[in-house]
Amino acid sequence: MSVNQFKIALRRMRNDHLGAFVSITGLAVAFASVMVIAGYIWYEWGFDRQPPDSGRIFRLTFDETPDRDGGRHLATVSPPVGPALVRKYPEVEQAVRGRYTDDILMAYDDKRFYENGLIYADSLFFDFFPFPFAEGDPQTALQQPNSVVITPAIADKFFGKTKPLGRTLLLDGDRPLTVTGVLEGPPSQSHLDFSMVVSFSSFVVPPGYPVTLNSWGWVSFHTYIKLREGMRPEVFTGKMPAFIADHFNNQRAEKAILRLQPLRDVYFDSGGLMNTDKNRRGNRSYLYALSVIALLLLAVSVFNSLNLATARSVKRSMATSVRKVLGATRGQLVRQFVA
């Protein structure tokens, strides 16, 4: 584009400032809106895709809906399931369990707060979900009993400007937990929602519960497994009926199915599951609707801009004719209109 063509374009914008303002503003607002919507959609679709092995990680669900007398589909299984699968099937590379708690009292010196974002998790938790650490070692942070990894918000709430690593929080006012790690931020782009992760070896069965961590009927633990490379989940799922028959009583084994839910689907496909109240959940329908809105915004703004350009072209027809008489080529005219 020549300097002369650029000057002519600016002159025309100045002479038709209202039309130029409407056209440019409409396109700018539409493009900005589309970029914001696209960014949000991109962020939502990125949930649970951060782990390097996310394609091989599955959440175990306990489906009792085949029971016609009224069943349920749980996002949780019993505590022995994960370790038993690792022992029994070489196709399962690793397993990790998690157990959320309700409001629980945490204390440090004279500071006492009830927290509802605490989860007990196995030592491999940060292998499955590699949230970045600001302090501590994710490989060893949950290996010892009475260890806790906290988010920056918890660190600031209890310790202020004091370094939290190695300090002790009191759980329920009397159980000491040593801070072995601090995350860089709250869990991001993950269905998991927590503020503290306590080593699973510290878990104590609540008073009055007639169960232990070896109870197959206690279906309340989020459990994730990682299949070995090349293992197809549908093939492995076919082995689950025999596994259930070996470990559950006959009545329950007849109506229950152990399913594998891909980690990448957990955020969007947990609407029909129970025991997901502590997890983040998304909605694919909203994303599809936003995509349609973005396309409509873009189409309307471009259509409006083309209409304005067509209306203005009538006024420019004389100038175009003069240019053609003076020897302007088709390419020069096109470049002028583009400018």
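A residue counts as buried when its relative accessible area is under 20%. By this criterion F221, at 0% relative accessibility, is buried. The model described here is predicted, and 41% of the 339 residues of its chain count as buried.

The secondary structure of the chain consists of eleven helices and 13 strands. Among contacts with a separation of 6 or more, 73% are between residues 24 or more positions apart. The chain exposes about 18400 Å², of which carbon and sulfur atoms supply 57%.

The largest nonpolar core has 24 residues, and L85, I225 and F236 are those with the most contacts inside it. Two or more residues of this core are given by each of β1 (57-63), α3 (81-88), β3 (92-100), β12 (222-227), α7 (240-247) and β13 (257-262). A further core of 22 residues lies apart from it, with Y108, I154, F158 and L171 among its members. Leaving aside residues up to four places away in sequence, F236 touches L85, Y89, E91, V92, I225, L227, M231 and L260.

Aromatic pairs number 26 in the whole structure. In one of these, F200 and F203 are stacked, with 6.0 Å from centre to centre and 15° between the planes. Both of these residues are buried. F200 also pairs with F221; the ring centres are 6.0 Å apart and the planes stand at 65°, so this pair is edge-to-face. F200 and F221 both lie in the loop between β11 (196-199) and β12, and the pair therefore ties together parts that are 21 residues apart in sequence. The relative accessible area of F200 is 5%. Elsewhere, ring pairs link F125, F126, F128, F129, F131, F133, F194 and Y224 into a cluster.

Salt bridges number 14. In the bridge between D63 and R259, the closest N and O atoms are 2.7 Å apart. Because D63 lies in strand β1 and R259 in strand β13, this pair ties together parts that are 196 residues apart in sequence. D63 is buried, at 3% relative accessible area, whereas R259 is partly exposed, at 33%.

E229 forms a salt bridge with R56, with 3.5 Å between the closest N and O atoms. E229 is in the loop between β12 and α6 (233-237) and R56 in the loop between α2 and β1, so parts 173 residues apart in sequence are tied together. E229 counts as exposed, at 64% relative accessibility, while R56 counts as buried, at 14%. Both residues belong to a network of salt bridges that links D53, R56, E93, K226, R228 and E229.

A salt bridge also joins R284 and D265, whose closest N and O atoms are 3.7 Å apart. R284 is in helix α10 and D265 in helix α9 (residues 263-266), and the pair links distant parts of the chain, 19 residues apart. R284 is partly exposed at 22% relative accessibility, as is D265 with a relative accessible area of 24%.

F21 is found in helix α2 (residues 17-45) and counts as exposed, at 55% relative accessibility. V300, in helix α10 (residues 284-325), is likewise exposed, with a relative accessible area of 54%. The C-alpha atoms of V300 and L27 are 9.3 Å apart in space, although these residues are 273 residues apart in sequence.

Technical notes:
Residues numbered from 1 in each chain as written. Predicted model: local features only at pLDDT ≥ 70, side-chain atom pairs only at ≥ 80, totals over all residues. Heavy atoms only, no water. Core = buried A, V, L, I, M, F, W, Y, C linked by side-chain atoms within 4.5 Å. Buried < 20%, exposed > 50% of the residue type's maximum accessible area, 1.4 Å probe, protein only. Helix = DSSP H or I, 4+ residues; strand = E, 2+ residues; numbered from the N terminus. Contact = heavy atoms within 4.5 Å. Areas by Shrake-Rupley, 256 points an atom, 1.4 Å probe, with all protein chains shown as cover. Phe/Tyr/Trp six-rings, centres within 6.5 Å; stacked < 30°, edge-to-face > 60°. Salt bridge = Lys/Arg side-chain N within 4 Å of Asp/Glu carboxyl O.
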